[in-house]
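Here is a short briefing to read alongside the model. Keep the viewer open and follow the topics one by one.

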Amino acid sequence: MAKIGIVMGSDSDLAVMSKAADVLEKLGVEYEITIISAHRAPDVFFDYAKKAEEKGFKVIIAGAGMAAHLPGMCAAIFPMPVIGVPMHTTSLGGRDSLYSIVQMPSGIPVATVAINGGANAGILAAKILATSDDELLQRLKEYSEELKEEVLAKGEKLDQLGYQEYLNQKK
């Protein structure tokens, strides 16, 4: 049974939201990913949000751009944590999405990650689940160690090659 619901308002959000799915897969967390527009298909959206708990979701990750109502409306209906992912937009660079998601009224919180922060949304969702799952907590610790090792390896490579050569290899 999927523990995380990943929902977005448009297929144009899929590149960002798939990063949440990738992280969850790496950590062994079950998820379901779908596209539902709160504006274009409100009845379908309300059905999704109302049934999310009975489907076994413990967290919803909701990505949206512009007016970005999807995360807030999920939080208004779904009784467990919702993580909002503001999408970069051409008109305001995603600040419109960010403000729409982060500025929720009292009583309707939405945990909000950076603009286009799909991967961090996946990690945050896994961390929420890990509060009651020791095996997942261990996998998160291992993931953090992998990130540390990647950074140390890059620093070592920079030290060995020097600044200019390192940059040339990155191009």
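## Briefing on the predicted model

Ser-132 is exposed, with a relative accessible area of 68% (exposed means over 50% relative accessible area, buried under 20% and partly exposed in between, using a 1.4 Å probe and protein chains only). This is a predicted model, in which local features need pLDDT of at least 70 and side-chain atom pairs count only at pLDDT 80 or more, while totals for chains, interfaces and linings use all residues. Residues are numbered from 1 along each chain as its sequence is written, and side-chain values use heavy atoms, with hydrogens and water left out.

**Overall architecture**

- The protein chain has seven helices and five strands; these are DSSP runs numbered from the N terminus, with helices being H or I of at least four residues and strands E of at least two.
- Read from the N terminus, the order of elements is β-α-β-α-β-α-β-α-β-α-α-α.
- Along the principal axes, the C-alpha atoms of the protein chain fill a box of roughly 60 × 45 × 30 Å.
- Of the 171 residues in the protein chain, 37% are buried.
- The accessible surface of the protein chain is about 9,700 Å², and carbon and sulfur atoms account for 54% of it; areas come from the Shrake-Rupley method with a 1.4 Å probe, and for residues only the protein chains shown count as cover.
- Taking contacts between residues at least 6 apart in sequence, 64% join residues at least 24 apart, where contact means heavy atoms within 4.5 Å.

**The largest pocket**

- Rolling a probe the size of a water molecule over the atoms shows where empty space is left.
- The largest pocket holds about 370 Å³ of space.
- Its lining has 20 residues, and those closest to the centre of the pocket are Gly-9, Ser-10, Asp-13, Arg-40 and Gly-65.
- The elements giving two or more residues to this lining are β3 (59–64) and α3 (69–77).
- By residue class, the lining divides into eight nonpolar, 10 polar and two charged residues; Ala, Val, Leu, Ile, Met, Phe, Trp, Tyr, Cys and Pro count as nonpolar, Asp, Glu, Lys and Arg as charged, and the others, Gly among them, as polar.
- A pocket here is an open set of points on a 1 Å grid over the protein atoms alone, where a 1.4 Å probe fits and protein lies on both sides within 12 Å along at least five of seven lines; lining residues have an atom within 4 Å of a point.
- Grid points are joined across faces, edges and corners, and the volume is the space filled by probe spheres set on the points.

**The loop between β3 and α3**

- Most residues other than glycine have a negative phi.
- Met-66, in the loop between β3 and α3, has a positive phi near 55°.
- Ala-68 is also placed in the loop between β3 and α3, and phi of Ala-68 is near 55°, again a positive value.

**Aromatic pairs**

- The whole structure contains two aromatic pairs; rings of Phe, Tyr and Trp (its six-membered ring) pair if their centres lie within 6.5 Å, and planes under 30 degrees apart count as stacked, over 60 as edge-to-face and the rest as tilted.
- Phe-45 and Phe-46 form an edge-to-face pair, because their ring centres are 5.4 Å apart and their planes lie at 65°.
- Within that pair, Phe-45 is buried at 1% relative accessible area, while Phe-46 is partly exposed at 32%.
- Tyr-48 and Phe-57 have ring centres 6.1 Å apart and planes at 55°, so this pair is tilted.
- Both Tyr-48 and Phe-57 are buried.

- Leu-14 belongs to helix α1 (residues 14–27) and is partly exposed, at 38% relative accessible area.
- Beyond four places in sequence, Leu-14 touches Met-8 and Ile-33.
- Ala-126 sits in helix α5 (residues 118–130) and is buried, with a relative accessible area of 0%.
- Leaving aside neighbours within four places in sequence, Ala-126 contacts Leu-24, Leu-27, Val-29, Leu-136 and Leu-140.
- Ser-132 lies in the loop between α5 and α6 (134–161), and its C-alpha atom is 33 Å from that of Ala-153, 21 residues apart along the chain.
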